[in-house]
There are 2 protein chains.
Amino acid sequence: MKVLWVFAHPEPRSLNGSLRDAGVAALREHGHEVRESDLYAMGWDPVVRGSDYGHDPAERLLVGEASERAAREGRLSPDVRAEQEKLTWADTVVVQFPLWWYGLPAMLKGWFDRVFVKGFAFGLHDPDTGRALRYGEGPLEGRRALPVVTVGARESSIGPRGVSGDLEELLFPLTHGTFWYTGMAALPPFPVYAADRASAEDAERETKALVERVLSIPDAEPLPFRRQNGGDYDDDLVLRPELAPGRTGLDVHLDR
Amino acid sequence: MKVLWVFAHPEPRSLNGSLRDAGVAALREHGHEVRESDLYAMGWDPVVRGSDYGHDPAERLLVGEASERAAREGRLSPDVRAEQEKLTWADTVVVQFPLWWYGLPAMLKGWFDRVFVKGFAFGLHDPDTGRALRYGEGPLEGRRALPVVTVGARESSIGPRGVSGDLEELLFPLTHGTFWYTGMAALPPFPVYAADRASAEDAERETKALVERVLSIPDAEPLPFRRQNGGDYDDDLVLRPELAPGRTGLDVHLDR
């Protein structure tokens, strides 16, 4: 594998830091190539600004248009292009973060906001049908993406009927709306529950489990999201009425 | 009303900017008080760092502990305290943003990450039972919160069975996981669909609708999320099996 490991935690001496160290080391020991984006260590700037696109501040900024034009013309800011180059190189992306407010830390969200621009991560069309290539097709197709996420909540309270909502559904904007949207196969998340209260034994067990998970990425079964252009959605991009009978919510977009 | 209007768009000359201007003006015309947090204009820093808590970089940073201690001792950084003071003052919070990657822009996510710390926005316990006061109870109880969100997708593709997932479920980490968690009543979002392609007529119609929505906030029916301590969840914080029969996913946490 050629793995890009994106890490978004402010403290390398944390449980997150040791999980990352163990995962990266195990991959290298097994002959895989690893590159890292340690966002805090890099001093990554997570804020989308016109300056990313060389935009003239006197003019009204249309983020979508300006970012697409800059991407197509190779004029994105150098820090963004460096991340895009890593993504282009990789066949596997590990995205590791603590769950804050049931989502990504701002540092990581802004990595996607700035790097995944139209013209790089999406915006392709089928030359024959003219259809947008997204959700299962797109510029990042052929890659697999694994979320590694530490959670303060215990497993029951963030499970299918737990008070906080099911973790897999809370991560849908990442797994489906970002990975799958751009063509990447999304792997089931690797969660560490009750991470704030992890004992040394817990940490050891989770570290071992993570190493197993990352080494088995090539054999893992991705989440079975439906393809936008696979026939399951109508021309308004609504799931056909005969599919997922009796099911509701985000889960209908999984073909299982 | 005492309204805090949080705005997270990089371009004041945008559709978002004119919606905000119209909403704030209408509130003031009707005698309501409005304070603003225009995050881009303020140069808000969205990144959680130990320096928020006066943390010694030589020591390992435990974000939860360090932030709670700093909050209780009044030592959070001045920009965070200024936002907390606005929240304490307000009885109504409007949070306006463009939907990026099916979530909040990093700039806005980092407002929650930094401002909503334990000891300010959560962390209270019932003095009699010892139970955590969250999801319907908590330090921000008594406030109402309205998300105003512009979306690139057309309505059908981000509706209940649209390919992108239902907008209300995509926003669950904000409405339920943040507003409701801290005790605020979450109002149904005000969405503007196909915002990138809005004509002048579309903008006029949406502006009028937004003004009506914000003026009617006191009469609006909040999303009927269940209270953590209302008897619907068991001691493992799992929804009791007899509730929401035949329903799945995040929607089971709504009592309807």
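This is a predicted model: local features need pLDDT of at least 70, side-chain atom pairs count only at pLDDT 80 or more; totals for chains, interfaces and linings use all residues.
Colleagues, local features here need pLDDT of at least 70 and side-chain atom pairs count only at pLDDT 80 or more, while totals for chains, interfaces and linings use all residues. Residues are numbered from 1 along each chain as its sequence is written, chains are lettered from A and ligands numbered from 1 in the order in which they are written, and side-chain values use heavy atoms, with hydrogens and water left out.

I begin with the cores. A nonpolar core is a set of buried Ala, Val, Leu, Ile, Met, Phe, Trp, Tyr and Cys residues joined through side-chain atoms within 4.5 Å. Buried means under 20% relative accessible area, exposed over 50%, and partly exposed in between, with a 1.4 Å probe and protein chains only. The largest such core has 128 residues, and A:Trp111 and B:Trp111 have the most contacts inside it. Leaving aside residues up to four places away in sequence, A:Trp111 touches A:Leu4, A:Val6, A:Leu39, A:Trp44, A:Glu83, A:Leu87 and A:Phe116, where contact means heavy atoms within 4.5 Å. A second, separate core has 19 residues, including A:Phe7, A:Leu27, A:Leu210 and A:Ile217.

I turn now to the charged pairs. A salt bridge is a side-chain nitrogen of Lys or Arg within 4 Å of a carboxyl oxygen of Asp or Glu. Over all chains, the count comes to 40 salt bridges.

Which residue of chain A meets B:Arg154 in a salt bridge? The partner is A:Asp236, at 3.8 Å from N to O. This pair crosses between chains: B:Arg154 lies in the loop between β4 (144-150) and α6 (167-170) of chain B, and A:Asp236 in the segment after α8 (200-215) of chain A. Helices (H or I, at least four residues) and strands (E, at least two) are DSSP runs, numbered from the N terminus. B:Arg154 counts as partly exposed because its relative accessibility is 35%; A:Asp236, at 42%, is also partly exposed.

Within chain B, the side chains of B:Asp38 and B:Arg20 form a salt bridge at 3.0 Å, N to O. The pair links distant parts of the chain, 18 residues apart, with B:Asp38 in strand β2 (residues 33-38) and B:Arg20 in helix α1 (residues 15-29). B:Asp38 has a relative accessible area of 17% and is therefore buried, and B:Arg20 is buried at 8%.

B:Glu206 and B:Arg205 also meet in a salt bridge, at 3.2 Å, N to O. Here B:Glu206 is buried at 15% relative accessibility, whereas B:Arg205 is partly exposed at 48%.

Finally, in chain A, a network of salt bridges links A:Arg20, A:Asp21, A:Glu36 and A:Asp38.
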